[in-house]
Amino acid sequence: MTEKLARDGGTPVRTTPFPTWPVWDGVDEKAILEALRSGVWGRNTGSQVVEFEEEFAAFQGTKYCIALVNGTCALELGLRVLDVEFGDEVICPSYTFVATPAAPLFLGAIPVFADIDPATFELDPASVEAAITPRTKAIIPVHIAGQPPDMDGILTVAKKHNLRVLEDAAQAHGASWHGQGVGGVGDLGSFSFQSSKNLNCGEGGAICTNDQELAELTWSVMNVGRLREGAWYQHERLGWNYRLSEFHGALLRAQLTRVPEQMEQREANARYLDTHLAEIPGITPQHRPAEVTGHAHHLYMLRYDKAAFGGNDRAAFIKALSAEGIPCSPGYDWPCHEQNAVKNSVKEILQKLGRTDNPLDRPLPNTDRIAHEEGVWLPQSALLASQDDMRQIVGAVAKVQRAFSMERAAERV
């Protein structure tokens with residue numbers, strides 16, 4: 001006999017909540033108050049944002065960092081700096097947040113979706129190359145869950161076809177590929193400091209790079225077209241006011257001091273889950289290639305095979321696991337190539353270009369399978385719990401698997 005599921009009135013594996021997010025204490029409070037009391041609240045005359053830029057660049061192992069108001073603006077600005085224009089094409093995954101394809105659409109460029117590797121959930125270089133046309137200008141590899149995709153393969157394709165690479169590192173603070181922090185692997189890297197992110201200030205973003213010319217151009221466009229050494233009312237190009245405030249900079253500096261320790265804890269807990277969840281039939285954790293020398297673990301991702309769970313679909317699994325006290329979700333169950341905001345915007349641009357084809361018609365079988373059937377997420381804050389808590393996660397998944405399998409066996413009797 002198996003233990004009765006909490007979904008069916010049984011005792012849940014866990015009733016204690018997991019750690020809340022964000023994490024803050026007197027250090028953050030002091031930082032905010034110091035910024036407040038300084039009377040200098042804007043970056044142009046302040047020091048907090050500039051000092052954060054230096055600290056975050058050092059943390060990522062890049063030469064330059066330019067802080068911005070949010071990660072969506074960072075993606076758009078990054079593409080603009082890389083000379084993406086109306087009618088160009090930008091290749092990216094559909095298994096991502098809508099901001100990724102929105103960034104080229106804001107410029108009148110078309111997002112062309114490439115498929116993902118189902119083992120890693122990450123952009124597949126072979127699918128990227130298959131999507132290239134004479135209109136392709138750039139590639140946006142997304143570091144889903146905080147893990148870089150096959151950047152060697154993507155950079156090889158980019159070099160072969162003379163394309164620029166903008167890393168979408170919104171979820172990947174502290175992640176690295178071959179020892180190089182993300183943001184410094186491609187031409188530019190875009191980060192988000194939105195409230196759910198591992199490093200956050202409520203709303204914020206940044207661009208990192210090792211290219212001085214791109215860094216200066218990014219700074220200028222961020223600061224209404226000014227030059228660092230120019231006059232106050234000297235504007236050399238059209239730009240935006242994407243400046244981050246001193247309050248955000250102060251909070252980010254305080255939050256950054258915790259990130260290394262939090263990364264260690266997430267890493268240890270993720271390794272434990274990788275080992276023990278893989279022992280449960282029907283559960284396959286996100287594959288981590290050896291080249292991923294740092295994983296941010298913004299999410300813990302796994303694949304669910306309903307055949308090993310008595311044929312119960314993912315929705316039933318998530319409902320049952322949630323009832324056992326384990327926070328989980330289907331993640332991006334509505335991929336970007338199915339979003340009306342994307343489809344309608346692409347249609348409008350194609351009409352203006354006089355094109356009758358539609359790049360959104362490309363098949364994405366792996367994306368569809370992960371999005372609609374197999375993908376399951378655990379939030380990053382759960383990985384800040386203890387190893388005993390990780391045992392409960394494993395125990396709850398195993399309990400659901402046993403119960404679902406027994407239900408199917410009973411039906412066959």
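**Pocket, cavity and a helix pair in the predicted model**

By class, 12 nonpolar, 15 polar and 3 charged residues make up the lining of the largest pocket. The structure described here is a predicted model. The volume of this pocket is about 480 Å³. Its lining comprises 30 residues, and those nearest the centre of the pocket are F97, A170, S192, Q194 and K197. Two or more lining residues come from each of the elements α3, α4 (99–106), β10 (188–192) and β15 (375–379).

Helix α3, which contributes to the pocket lining, also packs against another helix. Packed helix pairs are described by the angle between the two axes and the distance between them. The axes of α3 (residues 71–81) and α7 (residues 212–222) come within 10 Å of each other and cross at roughly 125°. This angle makes α3 oblique to α7. The crossing of α3 past α7 is right-handed. On the α3 side the contact is formed by L77, R80 and V81, and on the α7 side by L214, L217, T218, V221 and M222. Sorted by class, the residues in this contact are 6 nonpolar, 1 polar and 1 charged.

The structure contains 1 cavity of 30 Å³ or more. The largest cavity holds about 80 Å³ of space. Its lining is formed by Q147, D274, Q286, R288, H295, H297, L299, Y300 and M301. Strand β14 (residues 299–304) gives the most to this lining, with 3 residues. The cavity lining divides by class into 3 nonpolar, 4 polar and 2 charged residues.

Definitions and conventions. Residues numbered from 1 in each chain as written. Predicted model: local features only at pLDDT ≥ 70, side-chain atom pairs only at ≥ 80, totals over all residues. Heavy atoms only, no water. Axes fitted to C-alpha atoms, helices over the stretch in contact; angles between N-to-C directions. Helix = DSSP H or I, 4+ residues; strand = E, 2+ residues; numbered from the N terminus. Parallel < 35°, antiparallel > 145°, perpendicular 65-115°, else oblique. Left-handed = near helix turned anticlockwise from the far one by under 90°. Contact = heavy atoms within 4.5 Å. Nonpolar A, V, L, I, M, F, W, Y, C, P; charged D, E, K, R; others polar. 1 Å grid on protein atoms, 1.4 Å probe; cavity = no way out; pocket = protein on both sides within 12 Å on 5 of 7 lines; lining within 4 Å. Points joined across faces, edges and corners; volume = space filled by probe spheres on them.
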